[in-house]
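Biologist: Could you walk me through this model? I would like to begin with the strands and then move on to the ligands.

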Amino acid sequence: MSVHELPVLPAVERDAFRNAMACLGAAVNIITTAGPAGRAGFTASAVCSVTDSPPTLLVCLNRSASVWPIFRDNGYLCVNTLAAGHEELSTLFGGKTPMAERFAAADWHTLASGSPLLDGALVSFDCKVAQVVSVGTHDILFCEVQALVRNDETHGLAWFDRGYHHLLRQDAR
Ligand SMILES: NC(=O)C1=CN([C@@H]2O[C@H](COP(=O)(O)OP(=O)(O)OC[C@H]3O[C@@H](n4cnc5c(N)ncnc54)[C@H](O)[C@@H]3O)[C@@H](O)[C@H]2O)C=CC1
Ligand SMILES: Cc1cc2nc3c(=O)[nH]c(=O)nc-3n(C[C@H](O)[C@H](O)[C@H](O)COP(=O)(O)O)c2cc1C
């Protein structure tokens, strides 16, 4: 068959895509911001390293989320990667719950950017949003990391097959 005779493949339906994406294990993060537009936080698994020069990660945020205008206007955020044991907190920040109730469920502190850092997070990346690109329903926030806090004592948390899984460090196995 020549390249001019490729078969037309059926479109991938949304549910088929989501079922496939549920096979990709991912870290679970609470993304927070606080500034002139207010304080907000949401759970995100769509977080990824982009480049280490300058240190940059990306966060995908649905523009229909209640928190979207607050993130758009503040321009700073913190990516708090959750540790084993943070399952309830993750669910709380996963939608529908009033913002004050979400933040009341944990202890927080701040660094230079003013975004809330979660006490006990596996790692927190304090970031300035450097660029935003819209794709489909989501904004991709490219975030330059300005400060880091690591907690090397805790185990990790993954979202896989629509459920939480603990990720044990090497020396704990
Ligand atoms: N990237 C995103 O916006 C994500 C959103 N969610 C939301 O959290 C809730 C629970 O999700 P699951 O239990 O994992 O079941 P689900 O069937 O809604 O999603 C399965 C997988 O598909 C992907 N996904 C889901 N919604 C998406 C969206 N709107 N855009 C791009 N990718 C998407 C994610 O990788 C997710 O883990 C749902 O409301 C879902 O929309 C979850 C993970 C990622
Ligand atoms: C495990 C998990 C992962 C999620 N990942 C994302 C994500 O990467 N991007 C996103 O926009 N929403 C994601 N969501 C959904 C948001 O957390 C949710 O829409 C957000 O809390 C805003 O909800 P609200 O509009 O009720 O405030 C995720 C939810 C869960 C439970």
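Modeller: Two strands pair if DSSP finds at least two bridges between them, and helices (H or I, at least four residues) and strands (E, at least two) are DSSP runs, numbered from the N terminus. This is a predicted model, in which local features need pLDDT of at least 70 and side-chain atom pairs count only at pLDDT 80 or more, while totals for chains, interfaces and linings use all residues. Residues are numbered from 1 along each chain as its sequence is written, and chains are lettered from A and ligands numbered from 1 in the order in which they are written.

Biologist: OK, how many bridges join β2 to β3?

Modeller: Strand β2 (residues 29–35) and β3 run antiparallel and are joined by seven bridges, with a hairpin of two residues leading from β2 to β3. Within this pairing, Ile30 has Thr43 of β3 as its bridge partner.

Biologist: And what joins β2 to β6?

Modeller: Four bridges do, and β2 and β6 run antiparallel; Asn29 stands opposite Thr81 of β6. Strand β6 (residues 76–81) is also joined by six bridges to strand β9 (residues 123–135), again antiparallel, and there Tyr76 has Lys128 as its bridge partner.

Biologist: Why is β6 largely enclosed?

Modeller: Five of the six residues of β6 are buried, so the rest of the structure largely encloses β6. A residue is buried if 20 or more other C-beta atoms lie within 10 Å of its own, exposed if 12 or fewer, and partly exposed in between, with C-beta atoms placed from the backbone.

Biologist: Which residues touch the most other members of the largest nonpolar core?

Modeller: They are Ile31, Val59, Leu77, Val79 and Leu82, in a core of 29 residues. Such a core is a set of buried Ala, Val, Leu, Ile, Met, Phe, Trp, Tyr and Cys residues joined through C-beta atoms within 7 Å.

Biologist: What is Val79 in contact with?

Modeller: Leaving aside neighbours within four places in sequence, the contacts of Val79 include Ile31, Val47, Leu57, Val59, Phe125 and Cys143, where contact means that the C-beta atoms of two residues, placed from the backbone, lie within 7 Å.

Biologist: Then where is Cys143, and why does it count as buried?

Modeller: Cys143 lies in strand β10 (residues 138–150) and counts as buried because it has 26 C-beta neighbours inside 10 Å. The C-alpha atoms of Cys143 and Val79 are separated by 9.3 Å, although the two residues are 64 apart along the chain.

Biologist: Switching to ligands, which residues are around ligand 1?

Modeller: Arg18, Met21, Ala22, Ser45, Ala46, Cys60, Asn62, Gly94, Thr137 and Arg162 are around ligand 1, each being near in the sense that its C-beta atom, placed from the backbone, lies within 6 Å of the molecule. The elements giving two or more residues to this shell are α1 (14–21) and β5 (55–62).

Biologist: And which come nearest to ligand 2?

Modeller: Ala44, Ala46, Ser66, Gly94 and Gly95 come nearest, out of 17 residues around ligand 2, and β3 (38–44) and β5 each supply at least two residues of that shell.

Biologist: Last one: what does the UniProt annotation cover?

Modeller: In an unreviewed entry, the UniProt annotation "domain: Flavin reductase like" covers residues 21–166; UniProt positions are given in the numbering used here, feature names are shortened, and annotations may be inferred rather than shown by experiment.
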